[in-house]
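Below are my comments on the structure you asked me to look over. They are set out as numbered points, so that each can be checked against the coordinates in turn.

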Amino acid sequence: MRIPARSVCTAIRDDIVAGVYERGSRLTEELLARRYGVSRVPVREALRTLEAEGFVVTRRHAGACVAEPTEQEAADLLEMRMLLEPLGAARAAQRRTEAHLKVLRGLVRLGQERARRGSSEDLRSLGGWFHETLAQSSGSPALTSTLGQLRHKIAWMYSVEAPANPAESWTEHGAIVDAVARGDSDRARAITALHTERAMSAHRLRFPGGDRAERVRTSQHPVNTAGLRH
């Protein structure tokens with residue numbers, strides 16, 4: 001069975017975001033291939049993709065290494081997301097399908113229910129799925145891909161404080177979906193802009209040696225091969 005490079009790329013990216021690999025550390029093809037149980041070919045392809053995304057840099061005499069973004073680069077990511085999330089919502093109001101609406105409404109119902117129960121971990125996952133689905137509803141693969149990369153990189157560079165009032169956050173999600181369902185792109189853009197600005201204020205920059213460095217770096221991250229053909 002040949003593991004596709006995109007699966008290897010996802011596994012390496014997830015481990016970078018999780019802090020398994022420290023910023024600036026080397027990423028050798030041989031060790032990565034052994035860790036994920038693949039040949040060096042998909043690892044090489046994955047590293048090229050991750051370099052294009054900004055997670056990896058190639059250094060002379062060192063090869064591929066985990067990138068070390070500056071504070072300004074991290075701040076730019078938040079600004080980009082605050083510009084692109086509202087654009088995605090406006091496009092979703094024009095291009096969403098009934099299937100998109102069904103998923104978005106289901107996520108809002110679950111989010112509101114979990115908010116009442118105080119299930120913070122569930123809310124984090126549901127929030128990620130909501131924004132990913134909203135981006136997909138834009139009908140723009142390029143915008144969806146860009147927002148996905150932004151979310152991954154922001155999660156790598158920032159810790160996020162839990163909202164003081166999660167129910168209010170999910171009320172905003174519901175308002176976004178209502179605007180998208182009505183095809184009101186201006187309102188979808190405006191509500192999403194306010195929601196994103198509020199969410200960004202809860203982000204705190206991670207620094208080397210901070211809480212992320214304390215995580216266990218030896219945990220295994222197998223490549224998900226479900227659905228691959230033998």
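1. In this predicted model, A162 sits in the loop that joins β3 (158–160) to α8. With a relative accessible area of 56%, A162 is exposed, because the cut-off for that class is over 50%. Along the chain A162 and L123 are 39 residues apart, and their C-alpha atoms are separated by 9.4 Å.

2. As for the overall make-up, the protein has 9 helices and 4 strands, and their order along the sequence is α-α-α-β-β-α-α-α-α-β-α-α-β. Of the 230 residues in the protein, 43% are buried. When contacts between residues at least 6 apart in sequence are considered, 76% of them join residues that are at least 24 apart.

3. Helix α8 (residues 166–182) packs with helix α9 (residues 185–200) at an angle of about 160 degrees, the two axes being 8 Å apart. The pair is therefore roughly antiparallel, since the angle is over 145 degrees. The crossing of α8 and α9 is left-handed.

4. The residues that build this contact can be listed from both sides: α8 contributes E168, S169, E172, H173, A175, I176, A179, V180 and R182, while α9 contributes R187, A188, I191, T192, H195 and R198. Sorted by class, the contact of α8 with α9 comprises 6 nonpolar, 4 polar and 5 charged residues.

5. Which residues does A179 touch, if those up to four places away in sequence are not counted? They are A93, D184, R187 and A188, and two of these partners, R187 and A188, are listed for α9 in its contact with α8. A179 itself is placed in helix α8 and counts as buried, because its relative accessibility of 0% is under the 20% cut-off. From A179 to A92, which is 87 residues away in sequence, the C-alpha to C-alpha distance is 9.6 Å.

6. T192 lies in helix α9 and is buried, with a relative accessible area of 0%. A polar atom of the T192 side chain lies 2.7 Å from the backbone oxygen of A188, and A188 is itself among the α9 residues that meet α8. Once neighbours within four places in sequence are left aside, T192 is in contact with E85, P86, A89 and I176; of these, I176 is listed among the α8 residues at the contact with α9.

7. The crossing of α2 and α3 is right-handed, whereas that of α8 and α9 is left-handed.

8. The contact between α2 and α3 is formed by E29, E30, L32 and A33 on the α2 side, and by R40, V43, R44 and L47 on the α3 side. By class, the contact of α2 with α3 has 4 nonpolar and 4 charged residues, with no polar ones; for the contact of α8 with α9, the corresponding tally is 6 nonpolar, 4 polar and 5 charged residues.

Methods: Residues are numbered from 1 along each chain as its sequence is written. This is a predicted model: local features need pLDDT of at least 70, side-chain atom pairs count only at pLDDT 80 or more; totals for chains, interfaces and linings use all residues. Side-chain values use heavy atoms; hydrogens and water are left out. Axes are lines fitted to C-alpha atoms, for helices over the stretch in contact, and angles run from 0 to 180 degrees between N-to-C directions. Helices (H or I, at least four residues) and strands (E, at least two) are DSSP runs, numbered from the N terminus. Angles under 35 degrees count as roughly parallel, over 145 as roughly antiparallel, 65 to 115 as roughly perpendicular and the rest as oblique. A crossing is left-handed if the near helix is turned anticlockwise from the far one by less than a right angle, and right-handed if clockwise. Contact means heavy atoms within 4.5 Å. Ala, Val, Leu, Ile, Met, Phe, Trp, Tyr, Cys and Pro count as nonpolar, Asp, Glu, Lys and Arg as charged, and the others, Gly among them, as polar. Buried means under 20% relative accessible area, exposed over 50%, partly exposed in between (1.4 Å probe, protein chains only). A polar contact is a pair of N or O atoms within 3.5 Å; within protein, one must be able to donate a hydrogen and the other to accept it, and residues adjacent in sequence count only if both atoms are side-chain atoms.
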